[in-house]
Amino acid sequence: MNYEEMDDWPARLKKFRASTRLSQAKVGRALGIAAASVAQWEIGRSKPMLDRLPAIAALYNVSLEELCGRDLGSPQEALKAAGNLDKTVTKLPVAGFVAGADRVVIFQDGDIDQDGDVELPFAGYNGIILRVQGESMVPRYKPGEVVGIHFPGKESLSLKMIGKDVVAKLSDGQMVLKTVAPGPSPSSFVLASVNPMVPPIYNPEIEWVSQIDFHVV
């Protein structure tokens, strides 16, 4: 995930709220807190508690990694804090894998090559889990890590996805894990690899695209 050009967390919270057209009062009601608390976040006088971050991300329709950036807290710790409210974890089957050249395979019913279950250190996740294989995506993705996405995601790329890691199914049937970058012309996009040896895909035609929610060992 590329955070280099992201806003600091107060500006980010304000921008995400504005994009949903929710008032501070409506956000407060949705989260069960005072509107003044939301206002304090947006001017940097206080930070939302870790266990609130997953609910805020869902309310603002952004990924938890996008909300947290580098300065608001760890997405994994936020999910763990929220999960600790009910003292449970989430156990999910590994639904596929990410291999060399950013290739993604999602298992079909009846596939022999299954990868067992993984126990996430937080509760309530309802996406699917992919396991990273090989070292072609180091250091961003390490062998054995698991990646969470919501499947099948959106029908098209958008400006909000620029700089984000996504899994996309291309019109030729390939599935890939890439970083979305701006294309050479307005409203065009490039899917760039985290591996510099893999060429980018310009103006990709896609069937669906899903942002990476998290990756954990």
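Visitor: What should I know before we start?

Guide: This is a predicted model, where local features need pLDDT of at least 70, side-chain atom pairs count only at pLDDT 80 or more, and totals for chains, interfaces and linings use all residues. Residues are numbered from 1 along each chain as its sequence is written, and side-chain values use heavy atoms, with hydrogens and water left out.

Visitor: How many helices and strands does the protein chain have, and what makes a run count as one?

Guide: There are six helices and 10 strands. Both are DSSP runs numbered from the N terminus, helices being H or I with at least four residues and strands being E with at least two. Helix H1, for one, covers residues 9–20.

Visitor: Why is Arg-12 called buried?

Guide: Buried means under 20% relative accessible area, exposed means over 50%, and partly exposed is in between (1.4 Å probe, protein chains only). Arg-12 has 2%, so buried it is. Across the protein chain, buried residues make up 46% of the 217 residues.

Visitor: And what makes Ser-19 partly exposed?

Guide: Its relative accessible area is 49%, so Ser-19 falls in the in-between class. Ser-19 sits in helix H1, and its C-alpha atom is 9.3 Å from that of Asn-61, 42 residues apart along the chain.

Visitor: How do you know that Arg-12 and Asp-71 meet in a salt bridge?

Guide: The rule asks for a side-chain nitrogen of Lys or Arg within 4 Å of a carboxyl oxygen of Asp or Glu. Arg-12 and Asp-71 come in at 2.7 Å, N to O, so the pair passes. This one links distant parts of the chain: Arg-12 is in H1, Asp-71 is in the loop between H5 and H6, and they are 59 residues apart. The structure holds seven salt bridges.

Visitor: What about Arg-17 and Glu-42, how far apart are the closest N and O atoms?

Guide: They are 2.5 Å apart, and the pair forms a salt bridge. Arg-17 lies in helix H1 and Glu-42 in helix H3 (residues 35–42), so the bridge ties together parts that are 25 residues apart in sequence. Both Arg-17 and Glu-42 are buried.

Visitor: Why is the separation of Lys-80 and Glu-77 described as about one helical turn?

Guide: Because they are three residues apart in helix H6. An α-helix has 3.6 residues a turn, so residues three or four places apart point the same way. Lys-80 and Glu-77 form a salt bridge with the closest N and O atoms 3.6 Å apart. Lys-80 is partly exposed at 31%, and Glu-77 is partly exposed at 38%.

Visitor: Which residues of H6 are buried, and what puts them on the same side?

Guide: The buried ones are Pro-75, Gln-76, Ala-78, Leu-79 and Gly-83. They cover an arc of only 165° around the axis (taken from the directions from the helix axis to the C-beta atoms), which puts them on the same side of H6. What covers them includes H4, helix H5 (64–68) and E10.

Visitor: What makes a set of residues a nonpolar core?

Guide: Its members are buried Ala, Val, Leu, Ile, Met, Phe, Trp, Tyr and Cys residues joined through side-chain atoms within 4.5 Å. The largest one has 28 residues, and Tyr-60, Leu-67 and Ile-129 have the most contacts inside it. Helix H4 (residues 53–60) gives the most to this core, with four residues. A second, separate core of 17 residues includes Val-132, Met-137, Tyr-141 and Ile-149.

Visitor: Why are Phe-97 and Phe-107 called a tilted pair?

Guide: Ring centres of Phe, Tyr and Trp (its six-membered ring) must lie within 6.5 Å; planes under 30 degrees apart are stacked, over 60 edge-to-face, and the rest tilted. Here the centres are 6.1 Å apart and the planes are at 55°, so the pair counts, as tilted. Phe-97 and Phe-107 are both buried.

Visitor: How do you know that strands E5 and E10 pair?

Guide: Pairing needs at least two DSSP bridges between the strands. E5 (residues 146–149) and E10 have four, in the antiparallel sense, so they qualify. Val-147 stands opposite His-215 in E10. Strand E6 (residues 165–170) also pairs with E10 in the antiparallel sense, over five bridges. As for E10 (residues 206–216), 10 of its 11 residues are buried.

Methods: Contact means heavy atoms within 4.5 Å.
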